[in-house]
Amino acid sequence: MSDALLDTAVAAIQGRAGFRKPRIGIVAGSGLGPALAALTPSLAMAYRDIPGFPESTVAGHAGQILVGDWGGRAVAALSGRSHGYEGHAPAALRLPLRVLRRLGCEAVILLSSVGSINPEIRPGRLALVSDQIMLAGVNPLTGANADAIGPRFPSMVDAYAPALRMRAKKAAASLGLSLGEGVMLHHPGPSFETPAEIRAYRLLGGDLVGMSMAPETIVARHCGLDVLGIGAVTNMGAGLTRDAPSHAETLSMARAMAEDVARLLGRLLEQWDAPA
Ligand code: HPA
């Protein structure tokens, strides 16, 4: 895997004291940073100290990489993410996932707050992402392909690894946590959906809406990371309830769900190498 930007970013992280090779990556977005509290970091580094790393400009996103141990596994977690709607170029948005891969991760757990458009998946619940629909937004692989990193036309079949979803279901069941499951419909944002868009997305087969996970999954699959996507359902989609969605509500709900996310991840990581 080679790319000058990638080489420089990876070297900056590996050169820090406390670095150890991670096996599993985690990306935590809006309000979900506190879910990482159970990770014991041997290294914490701000995105601004990593050359080329896009800095998140969104309230509720911390902006640091933590490398350390969680549940006996070597983990690298990105606390805070950047989105296309912040104006970052696709190349900058590709970097964080590729860095995780190059540091040694074989899989990544993508955590994001999401809206629900499926009446059976209510706010306050966690939901596994089974597949995605990316109708709108810029494909993050737009531009010249880095053939050493991945193919020009990567497959998106089983993009959310069935084996990891199975593990997550087992972990949730062992904790008595209720987990929904559904298709992520990507909405590029930053405006929330209109009620008409929500109705259309439902007709198209979506269960969840979000502004971050689908492009990250494309980048992750392209560079060979297995993906587990977990949404923290913070609200029903626009028009499905009387209240309009808001970032403040999304943040406070996600913070309230961070403990469930932490319990689920803790159990999942502990059992990561157990026979399926
Ligand atoms: N729409 C899009 N993204 C979201 C939502 C929503 O309703 N809630 C949390 N992230």
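# Helix packing and pockets in a predicted model

Reader: How do the axes of H2 and H5 cross?

Author: The axes of H2 and H5 cross at roughly 50° and come within 9 Å. Axes here are lines fitted to C-alpha atoms, for helices over the stretch in contact, with angles running from 0 to 180 degrees between N-to-C directions. Helices (H or I, at least four residues) and strands (E, at least two) are DSSP runs numbered from the N terminus.

Reader: What kind of model is this?

Author: This is a predicted model, where local features need pLDDT of at least 70 and side-chain atom pairs count only at pLDDT 80 or more, while totals for chains, interfaces and linings use all residues. Residues are numbered from 1 along each chain as its sequence is written, and side-chain values use heavy atoms, with hydrogens and water left out.

Reader: Back to the helices. Are H2 and H5 oblique or parallel?

Author: H2 and H5 are therefore oblique to each other. Angles under 35 degrees count as roughly parallel, over 145 as roughly antiparallel, 65 to 115 as roughly perpendicular and the rest as oblique.

Reader: Is the crossing of H2 and H5 left-handed or right-handed?

Author: H2 passes H5 in a right-handed crossing. Right-handed means the near helix is turned clockwise from the far one by less than a right angle, and left-handed means anticlockwise.

Reader: Which residues make the contact?

Author: Arg94, Leu97 and Arg98 of H2 meet Glu216, Val219, Ala220 and His222 of H5, contact meaning heavy atoms within 4.5 Å. By class, three of these residues are nonpolar, one is polar and three are charged. Ala, Val, Leu, Ile, Met, Phe, Trp, Tyr, Cys and Pro count as nonpolar, Asp, Glu, Lys and Arg as charged, and the others, Gly among them, as polar.

Reader: And H1 with H2, what is the crossing angle?

Author: Roughly 60°, with the axes of H1 (residues 4-14) and H2 (residues 90-103) coming within 10 Å. That makes H1 oblique to H2. H1 passes H2 in a right-handed crossing.

Reader: Which residues meet there?

Author: From H1, Leu5, Leu6, Asp7, Ala9, Val10, Ile13 and Gln14 meet Leu95, Arg98, Val99, Arg102 and Leu103 in H2. The contact of H1 with H2 has eight nonpolar residues, one polar and three charged.

Reader: New topic. How much space lies in the largest pocket?

Author: The largest pocket holds about 400 Å³. A pocket is an open set of points on a 1 Å grid over the protein atoms alone, where a 1.4 Å probe fits, with protein on both sides within 12 Å along at least five of seven lines; lining residues have an atom within 4 Å of a point. Grid points are joined across faces, edges and corners, and a volume is the space filled by probe spheres set on the points.

Reader: What lines the largest pocket?

Author: The lining has 28 residues, with Ser82, His83, Gly84, Leu93 and Pro215 nearest the centre of the pocket. H2 and H5 (213-222) are the elements that give two or more residues, and H2 gives the largest share, four residues. The lining divides into 17 nonpolar, nine polar and two charged residues.

Reader: How many residues line the second largest pocket?

Author: The second largest pocket is lined by 23 residues, and Ser30, Ser113, Phe192, Met211 and Thr250 lie nearest its centre. About 320 Å³ of space lies in this pocket. Its lining has eight nonpolar, 13 polar and two charged residues.
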